[in-house]
Amino acid sequence: MAQLKAARVADVPMALDVLASVPAILEVDAAAAGVVRRGGGGQRFAVIGHRGKGMNALASHDRRMQEVKENSLRSFNEAARFPVDYVEFDVQVTKDGCPVIFHDNFIFTEEDGKILDKRVTDLQLEDFLLYGPQNEQGKGGKPLLRKLKDGRIVNWNVQSDDPLCTLQEAFEKVNPRLGFNVELKFDDNLEYQEEELTHILQAILKVVFEYAKDRPIIFSSFQPDAAQVYFLTNGGTEIYADVRRNSLEEAIKLCLDSGMQGIVSEARGIFRHPAAVPKIKEANLSLLTYGTLNNVPEAVYMQHLMGVNGVIVDLVQEITEAVSELITVPEPDLNAENLSNGAAKDATTPNFSQREITFLLRLIPELVQ
């Protein structure tokens, strides 16, 4: 199975054809990108902070999900306090061509008792940065609200707030040891022409090439025509008009046809269709997962045993601690006698013990939910 790959973007020349240049960015093995392997040898199991130190679930009773503003410089640097390899974040491009970090398609505020919403990509950069807390001391910004999945609009209240930021600021102000998983964010309800996709990618890659320096970068997207590196998929847990998004089998086919490096799947898709994992291995593709199951240590551990390359998580502290405790990669056995008589084994091949079976049994209730 392919290892998680990234590259030092400064080593890759900017190409005129941006769509064609994206795959070349991730041709370098993770070790060459400066990623240290846990346990001293074997395959690295990566932990990636979701939107930094975790997304904001404003309706959750779990206060950890409202600890620090997601997709902010503060959240990224808080994640860096723990042994995460990358932070994942969402990048959109404003109307005047500036890549900014924000997840939702629409941004909400309140003026004179009325709720107002704007599409992020319809805003000028100056207007986008007016929402929420401001960098300038003593200056107040527009109230920042958020629309929940159930339709409610609530104040975006977190314990540790921070201003909205641009992609350039992230490169300049986030701990340089962290890799970036840049999700190219597009609206599922819109159709994009190639010219528009190219314009968006050009704006993002311009910043990446100018400011990434030695930082490892991974690109991913749910948009099949923009995902030139890692393809994001729900793994069949949700159905879309574009059939390429509806199963792991389709994701594998798309990656092979398009020369992409790997798949980022909803974790439930992997557990529901575990037979897809060996197919992904056979295709020499990397496999990452995301979703709420990745906040359950047992689910993360089982994915490691299944051959998943890494997980995107919200509970950064808890999961990095669990990974450090549960997952170690043994040193390879270099004993000549063992090698000659064929006794040496692949250190990455799991042997399921009673302890591991117990973990799986504890995981089943989470999967049922």
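Mentor: A residue counts as buried when its relative accessible area is under 20%, as exposed when it is over 50%, and as partly exposed in between, with a 1.4 Å probe and protein chains only. The model is predicted, and local features need pLDDT of at least 70 and side-chain atom pairs pLDDT 80 or more, whereas totals for chains, interfaces and linings use all residues. Residues are numbered from 1 along each chain as its sequence is written, and side-chain values use heavy atoms, with hydrogens and water left out.

Trainee: What makes helix H9 mostly covered?

Mentor: Helices (H or I, at least four residues) and strands (E, at least two) are DSSP runs numbered from the N terminus, and H9 is the run of residues 297-306, in which eight of the ten residues are buried. Those buried residues are Glu298, Ala299, Val300, Tyr301, Met302, Gln303, Leu305 and Met306. Just after H9, glycine 307 takes a positive phi of about 110°. Over the whole protein chain, 53% of the 369 residues are buried, and the secondary structure comes to twelve helices and 15 strands.

Trainee: Why is glutamate 169 counted as buried?

Mentor: Glutamate 169 has a relative accessibility of 16%, which is under the 20% limit, and therefore it counts as buried. This residue lies in helix H4, residues 167-173.

Trainee: What does the side chain of glutamate 169 reach?

Mentor: The side chain of glutamate 169 reaches the backbone nitrogen of threonine 166 at 2.9 Å. A polar contact is a pair of N or O atoms within 3.5 Å, where within protein one must be able to donate a hydrogen and the other to accept it, and residues adjacent in sequence count only if both atoms are side-chain atoms; the 2.9 Å distance therefore falls inside the cut-off.

Trainee: Why is threonine 109 called buried?

Mentor: Its relative accessible area is 2%, so threonine 109 is on the buried side of the limit. Threonine 109 is found in strand E5, residues 106-111, and a polar atom of its side chain lies 2.5 Å from the backbone oxygen of proline 143.

Trainee: How do you know that E5 and strand E6 pair?

Mentor: Two strands pair if DSSP finds at least two bridges between them, and E5 and E6 (residues 114-119) have six, in the antiparallel sense. Among these bridges, phenylalanine 108 has aspartate 117 in E6 as its partner. The hairpin has two residues between the strands, and aspartate 112 there takes a positive phi near 55°.

Trainee: What makes the pair of phenylalanine 89 and phenylalanine 180 edge-to-face?

Mentor: Rings of Phe, Tyr and Trp (its six-membered ring) pair if their centres lie within 6.5 Å, and planes under 30 degrees apart count as stacked, over 60 as edge-to-face and the rest as tilted. The centres of phenylalanine 89 and phenylalanine 180 are 4.9 Å apart and their planes are at 75°, so the pair is edge-to-face. Phenylalanine 89 lies in strand E3 (residues 86-93) and phenylalanine 180 in strand E10 (residues 179-184), so the pair ties together parts 91 residues apart in sequence. Both are buried, phenylalanine 89 with a relative accessible area of 0% and phenylalanine 180 at 0% relative accessibility.

Trainee: Which residues touch the most other members of the largest nonpolar core?

Mentor: A nonpolar core is a set of buried Ala, Val, Leu, Ile, Met, Phe, Trp, Tyr and Cys residues joined through side-chain atoms within 4.5 Å. Of the 85 residues in the largest one, Phe89, Phe180, Ile204, Phe219 and Ile263 touch the most other members. Helix H5, residues 194-211, gives the most to this core, with nine residues. A second, separate core of 14 residues includes Leu58, Val100, Leu144 and Val158.
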